[in-house]
Amino acid sequence: MKKLAILDLETTSLDERHGDLWEIGLIMRDLRQPIRTDVEYWWHVRPDLTFADPNALKVGRYYERCRVRRSPIGASRRLAPAINLGSPWIHEHTGEPPVEGDWFMNDNAGSIAATVARELDGATIVANNPTHDRKFLDKFLRVHGQLLTAHHRMIDIRALLIGYVDGRLSAYDGKVDEAFETEAVPYVEDWLGGYMDSPSWEIVGVAQDPGTKHTALGDARLDRDVYDAIRTAR
C-alpha cells in the first residue's frame, strides 16, 4: 500500500441510485513518508433532495448540521477541522462557542471532485462500510467529470476488528479473560453472547464521542483510530 484514504460519507439515501452524498470526511495518510502525517479534508455539498430518504437525513442530522442547506443545489464549502483560523478561511458567526466547521472556504462540487480524485488515485480506502461509500463517491466523481481510481481492494474496519477478535480467541484457546485486557472483556462477551450485531470499538480501547456519530469527519477519525489500534495491538 502506498497511501490510505480513510473515508466516511453522509448521504441522502442508502441507495446510490436514488441519493447523493452531502458530506465528505477524508483523512489521507502517505505510507511512503518516514514520519506519519495525516491530512484531513472536510466538505459539505448541497444535494438535490428530490428522491432523498427522510430517515437518511435524520440519521446524519442534515437540517441541523449541513452548512449549505440554504444554498442552491451544488453549492459547497470546505470546512476547517480546527478553530480560530486566519485568512483565507472565513469565519461563520453562529452565536455559539466556536467549533470545528465554523471556519470555511467557499468551494464548488467540481473542484471538490477534482481534489478527491487526485488524492484517492492509487489509494487504499479504509472505511466502516467501504462498499457503500465507494458507490456514492464513484457517482459523485463521474457526475463532475472525474473518475475514482483508488485501489480495488479496500479495508473494512469492522471486518478487521472481527478478524482481530477471532484471532486472539484462537491464540488463547477461546479464553476471553486471557486473550483481552480487563476493560475489553465485557464487550467481547457481549458480542459472543449475541447481544451485539458486531464487536464494539471499545475492545481495542476506542470510544467515540456521541456528538460525532454520523458526522463524516468524526466517523473517519474513528475509523482511523480503530485501524491504528488494531495494527498496534499486542
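This is a predicted model: local features need pLDDT of at least 70, side-chain atom pairs count only at pLDDT 80 or more; totals for chains, interfaces and linings use all residues.
Trainee: What do the values rest on?
Mentor: Local features need pLDDT of at least 70 and side-chain atom pairs count only at pLDDT 80 or more, while totals for chains, interfaces and linings use all residues. Residues are numbered from 1 along each chain as its sequence is written, and side-chain values use heavy atoms, with hydrogens and water left out.

Trainee: How many salt bridges are there?
Mentor: Side chains of opposite charge can pair when their charged atoms come close. A salt bridge is a side-chain nitrogen of Lys or Arg within 4 Å of a carboxyl oxygen of Asp or Glu. The count comes to 19. One of them joins Asp38 to Arg29, at 2.8 Å from N to O.

Trainee: Is Arg29 buried or exposed?
Mentor: Buried means under 20% relative accessible area, exposed over 50%, and partly exposed in between (1.4 Å probe, protein chains only). Arg29 counts as buried because its relative accessibility is 5%. In another salt bridge, Arg118 and Glu119 have their closest N and O atoms 3.9 Å apart. Arg118 is exposed at 53%, whereas Glu119 is buried at 17%.
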